Amino acid sequence: MPVTTYPTAPIDGQVPGTSGLRKKTQVFSSPGYLETYVQAVLNAIGAPGKTLVLGGDGRFFNDTASAIILRMAAANGVAKVIVGQNGILSTPAASHLIRLRKADGGIILSASHNPGGPDGDFGLKYNIANGGPAPESVTDEIVSKATTITEYHMTDTAAPSLSQVGTLTLDGMTLEVVDPVEDYAVLMDELFEMPAIRALFASGFRMRFDAMHAVTGPYAKEILVNRLGAHPNTVLNGAPLKDFGAQIGGGHPDPNPVWAKPLYDLMMDEDAPDFAAASDGDGDRNMILGRDIYVTPSDSLAVLAANADLAPGYAGGINGIARSMPTSGASDRVAKKLGIEAFQTPTGWKYFGTLLDAGRATLCGEESAGTGSNHVREKDGLWAVLLWLNILAVRRESVADILTAHWAEFGRNYYSRHDYEAVDSGLAEGIVADLRARLDTLAGTTAAGSLVTSAEEFAYTDPVDGSHTTNQGLIISFEGGARAMLRLSGTGTEGATIRVYLENYAGPEEDHSLDAQVALKDVIAATEEITGIRTRTGRDHPDVIS
Ligand code: G16
C-alpha cells in the first residue's frame with residue numbers, strides 16, 4: 001500500500017472540552033492539525049483490525065476531513081469503516097450505528113450548535129464501543145498521544161466518493177457507505193407508538209420542526225412527514241447547508257429562544273401551531289415549544305420521565321433519571337415519586353455512559369437542551385421530539401396543559417441560564433478562582449436578602465466505576481431551595497463563556513405563572529452581589545438569557 005508518513009503539527013496540549021476537540025475551522029484545517037489529532041486517536045485506540053463508524057453534521061470541511069480520515073484509517077490498518085452517505089450522520093444516528101453494528105468506536109465530525117463555515121467552528125469527537133463519548137481515561141490518552149507523536153500516516157490513494165450507498169475498498173480497508181437515516185428511523189419506529197402519532201397528525205394537529213439548515217432536515221422529513229404523515233410544511237429550514245444558513249440569514253444552529261427566534265415568535269402568537277421543536281447542528285439537542293409556552297430543557301426532562309411509560313419503548317417503566325448538576329431538580333421530584341434512582345452528574349453526556357450501560361439510568365437530560373435515553377449513548381434531539389409527540393398523541397392535551405398539570409403535582413422549578421460570552425479568559429478564570437477561594441466563608445451570609453445555606457465546588461464519584469472528577473462547577477445554595485451554579489463553558493472557541501445557572505422552587509400550591517426572570521430576581525441579585533460578574537466584566541446584563 002502506498003503510504004506516506006508526514007511530520008505532525010503542534011496541538012498545543014489542547015485538551016478536548018465537554019464534547020471532543022472543538023476549534024475554529026481555520027485551525028482544524030491548518031496543515032497537519034486534523035491529521036495529528038486523528039493519528040493520536042488511532043494510536044490511542046490501537047487502529048489495526050478495528051471497525052469504526054464515521055460521519056459528521058455536514059458543516060464546512062466535513063467532506064475534506066472525511067476523506068483525510070479514511071486515508072489515514074487505511075494507512076493505519078483499520079479493517080473497516082462504516083460511513084454515512086456523503087460523510088453525513090447525525091450524532092445520535094452515529095451512536096446508534098456504532099451499537100447496532102458492534103463497531104469498536106466511531107469518529108464524529110461536528111462542532112454541535114456552534115456556527116459553521118470557513119470562519120466558523122469545526123470539531124472531532126471519538127466515541128467508544130458503547131456508542132457514547134469517550135470517557136476521560138480515553139480522552140486523556142488521546143491528548144497524551146497528540147502532544148507526543150511526531151508523525152502521521154496517510155495512504156497516497158485518493159478516498160473514493162461517498163455519494164452512493166454500497167461497499168467499496170480503500171487500499172484493503174472495507175468501506176461501507178450507508179444511508180444515514182434508515183437505521184435510525186427504524187429504531188424510532190420501535191420506541192414510539194407511531195400509529196397514535198400518525199392519528200394525531202391526521203386529526204389536524206399542526207407542528208413545526210426547525211432543522212436550522214443542519215443535519216436533522218433529512219431525518220425529520222423521513223420520520224415526521226414520510227412515516228408519520230405530518231404536512232410537508234412541518235419541517236422548516238430542512239435543507240442542510242455547510243454554514244447552516246449563516247450567509248443567507250445569519251443562521252446559527254443553536255436551538256434556543258435566541259437563535260431559533262422566528263420559531264419562538266411563531267409559537268407565542270395566538271394562531272400558533274400546536275407544537276414546535278428545533279434541533280442543532282448535529283441533531284443531538286432539542287428545543288420544545290407549545291402554543292404560548294417554552295418548555296425549559298429541565299422541565300422537558302421531568303415531563304418526559306413522568307410520562308415515558310406512554311411510549312412502547314418505556315412501557316415497563318424507567319429505572320432511573322440522571323441529570324447534569326446545573327440542570328434543575330425538577331426530574332429528581334419525578335424520580336422520587338416513581339421510587340427510582342436520581343443521579344446528579346457533571347456537565348457532559350459522557351458522564352451518563354456508565355449509568356446507562358449499567359441499567360441504572362434510563363432517561364438523562366441536561367439544561368443545555370439535551371435529552372436522551374438508553375436507546376443510544378448520546379443525547380438525541382428527534383427522539384425527544386418523538387417522545388413529546390407520543391405523549392401528546394396519547395394524552396390529547398396541549399403542551400401548556402401538560403406543564404400546568406405537572407407543576408400542580410410536583411411544583412415548579414423556575415429556571416434560567418445567563419451567559420456572558422467571549423469574556424477575556426483570564427478575567428473569567430479569575431472570577432471563578434476568586435469565588436472558589438471564598439466558598440468556605442459564604443454559608444450563613446446574606447446576599448440581597450437571601451441566606452446562603454451552603455457553597456461548594458461540585459465533585460463527582462461515578463457510582464458504577466468509582467472514577468472521580470473534581471472542579472465541575474460552583475454551587476451556591478440558598479434558604480428555600482434556590483440554587484445558583486457557575487461554570488465556564490467547555491464548548492466555546494472564543495475567549496471564555498461564563499455560565500450562571502439559576503433555580504428557584506415553588507411548591508405545588510404556589511404560583512406557577514410568573515415569568516422566570518421575575519421568579520428568580522432575588523437569586524439573580526444575590527448571585528451578582530456574591531460574584532460581581534457584571535461589575536467585573538463591565539456588562540450590565542448577560543449576552544444570552546435562556
Ligand atoms: C456538549 C456536551 C453536553 C454538555 C454541553 C455543555 O454539548 O455534549 O453534554 O451539556 O456540551 O456545554 P458547555 O460546556 O458549553 O456548557 P454539545 O451539544 O455542544 O455537544
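Which residues of the largest nonpolar core touch the most other members?

A: This is a predicted model, in which local features need pLDDT of at least 70 and side-chain atom pairs count only at pLDDT 80 or more, while totals for chains, interfaces and linings use all residues. Residues are numbered from 1 along each chain as its sequence is written, and side-chain values use heavy atoms, with hydrogens and water left out.

The largest nonpolar core has 72 residues, and those that touch the most other members are Met188, Phe192, Phe209, Phe275, Trp383, Trp388 and Leu389. A nonpolar core is here a set of buried Ala, Val, Leu, Ile, Met, Phe, Trp, Tyr and Cys residues joined through side-chain atoms within 4.5 Å. Buried stands for under 20% relative accessible area, exposed for over 50%, and partly exposed for what lies in between (1.4 Å probe, protein chains only). Helix α14 (residues 381–395) gives this core its largest share, 11 residues. Helices (H or I, at least four residues) and strands (E, at least two) are DSSP runs, numbered from the N terminus. Domain 1 (3–179) and domain 2 (184–410) each supply at least three residues to the core; domain bounds come from an automatic or database domain assignment.

Leucine 389 shows what such a member touches. With neighbours within four places in sequence set aside, leucine 389 is in contact (heavy atoms within 4.5 Å) with Ile197, Leu200, Phe201, Phe205, Met207, Leu224 and Phe275.

The sheets come next. An open sheet of 5 strands has the order β11-β10-β12-β13-β14, with mixed pairing. Two strands pair if DSSP finds at least two bridges between them. The edges are β11 (235–236) and β14 (293–295), each with a single partner strand, so one side of each has no neighbour in the sheet. Strand β10 (residues 207–210) pairs with β11 in the parallel sense over 2 bridges. Phenylalanine 209, listed above among the core members that touch the most others, has valine 235 in β11 as its bridge partner. Helix α15 (residues 399–410) lies across β12 (275–279), β13 (286–290) and β14, and runs at about 60 degrees to β14. For such angles, axes are lines fitted to C-alpha atoms, for helices over the stretch in contact, and the angles run from 0 to 180 degrees between N-to-C directions.

A further open sheet has 4 strands in the order β16-β15-β17-β18, again with mixed pairing. Its edge strands are β16 (341–345) and β18 (370–373); each has a single partner strand, so one side of each is left without a neighbour in the sheet. Neighbouring strands are turned by 15 degrees against each other on average, with direction ignored. Strand β17 (residues 363–366) runs antiparallel to β18, and 4 bridges join the two. Within this pair, glycine 365 has threonine 371 of β18 as its bridge partner. Helix α11 (residues 297–307) packs on this sheet, touching β15 (320–324), β17 and β18, and its direction makes about 170 degrees with that of β17. Helix α12 (residues 330–338) also packs on the sheet; it touches β15 and β16, and its direction makes about 165 degrees with that of β15. Helix α11 is mostly covered, with 10 of its 11 residues buried, among them Leu301, Val303 and Leu304. In the loop between β17 and β18 is alanine 369, a residue other than glycine with a positive phi, near 70 degrees. Alanine 369 counts as buried because its relative accessible area is 9%.

The domain assignment gives domain 1 (3–179), domain 2 (184–410) and domain 3 (412–545). The centres of domain 1 and domain 2, taken over C-alpha atoms, are 28 Å apart. Between these two, 33 residues of domain 1 are in contact with 30 residues of domain 2. The area buried between domain 1 and domain 2 is about 2400 Å², and carbon and sulfur atoms give 56% of it; buried area is the accessible area (1.4 Å probe) that two parts lose on being put together, summed over both.

Glycine 123 is in strand β6 (residues 121–128) and, at 0% relative accessibility, counts as buried. Aspartate 171 is in the loop between β8 (166–170) and β9 (173–178); it has a positive phi of about 45 degrees although it is not a glycine, and with a relative accessible area of 26% it is partly exposed.
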